[in-house]
Amino acid sequence: MSPKAAIARLCMAYAPHLRAPASVDPAKVLWALAGCESDFGAAALPRHEAAYCNIGRGRYDVTALTRQWGCAAHCSYGPWQMMFGHLVDFHPLHDALTPAFFIVRPPTTAGDLEYTVMAEHSIRCAVAMLNAVILGRQGATTLAEVAKAWNHGNWRDQFDDSAYTDRAARFYATPFPDGATAPPASQTEVHNAPAPAPPVP
Ligand SMILES: [Zn+2]
């Protein structure tokens, strides 16, 4: 499976867990963010973020994680490029989580299980963070608000993030690859995110 096909499959599988407003397609929201962050999973290796580096001098203080992991604590990981501190916060196995788990080359052959497992852990964390912070506490209601918050940290300030949100809109409109279908919903679950309410009879 290509990275793009693996990401498409995960977006469809986890869409029912995303507490997105009715005006957006939740699968395409997850898809658009993966497009912006990693070219749909093709560029999912860690990226070092200078704003998290240099204890006490960076924009963000991750002193405890830095003591434990060094510059690995200042990197973003996986197809959705989440900061390590966020992966720790939103992963059910946060005590056992290591940065190395997310350092997996994109597959070059069909059915690369290691990549698929890494990507699935990544989307679970992404959905949990979107639900708790961006759709929850911050109350984003549009793709542009979600995308800005994902990239910039929040969407309510005056920061112009239109370059990123324009890309997100373009990727949102990018069709899923031919033949990509979601696995059965019963195989997916998300930490801190209850399953959607059953349909009213
Ligand atoms: Zn660093």
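These notebook entries record what I looked up in the structure above.

**Entry 1: the model and its confidence**

I noted that this is a predicted model, in which local features need pLDDT of at least 70, side-chain atom pairs count only at pLDDT 80 or more, and totals for chains, interfaces and linings use all residues. Residues are numbered from 1 along each chain as its sequence is written. I looked up pLDDT, the predictor's confidence in each residue, from 0 to 100. The protein chain averages a pLDDT of 88, and 86% of the residues score at least 70. Over residues 193–201 the pLDDT stays under 50, and for this stretch the model has six contacts beyond four places in sequence. Where pLDDT is low, the predicted coordinates should not be read in detail.

**Entry 2: the sheet**

I took helices (H or I, at least four residues) and strands (E, at least two) as DSSP runs, numbered from the N terminus. Three strands form an open sheet in the order β1-β2-β3, with antiparallel pairing; two strands pair if DSSP finds at least two bridges between them. β1 (47–48) and β3 (82–83) stand at the edges with a single partner strand each, so one side of each is left without a neighbour in the sheet. I found that β1 pairs with β2 (residues 75–77) over two bridges in the antiparallel sense. Arginine 47 stands opposite serine 76 in β2.

**Entry 3: α1 against α5**

Helix α1 (residues 3–14) packs on helix α5 (residues 113–137) at an angle of about 40°, their axes 10 Å apart. Axes are lines fitted to C-alpha atoms, for helices over the stretch in contact, and angles run from 0 to 180 degrees between N-to-C directions. I therefore recorded α1 as oblique to α5; angles under 35 degrees count as roughly parallel, over 145 as roughly antiparallel, 65 to 115 as roughly perpendicular and the rest as oblique. The residues of α1 in the contact include Ile7 and Leu10, and those of α5 include Ala119 and Ile123. By class, the contact residues of α1 with α5 are nine nonpolar, one polar and one charged. Ala, Val, Leu, Ile, Met, Phe, Trp, Tyr, Cys and Pro count as nonpolar, Asp, Glu, Lys and Arg as charged, and the others, Gly among them, as polar.

**Entry 4: α6 and its partners**

Helix α6 (residues 143–152) and helix α7 (residues 162–172) pack at about 125°, with axes 9 Å apart. These two helices, α6 and α7, are therefore oblique to each other. Among the contact residues are Ala147 and Lys148 of α6 and Tyr164 and Ala168 of α7. The contact of α6 with α7 has seven nonpolar, two polar and one charged residues.

I then turned to helix α2 (residues 26–38), whose axis comes within 11 Å of that of α6 and crosses at roughly 40°. That makes α2 oblique to α6. Val29, Ala32, Leu33 and Cys36 of α2 meet Leu143, Val146, Ala147 and Trp150 of α6.

How values were computed
Contact = placed C-beta atoms within 7 Å.
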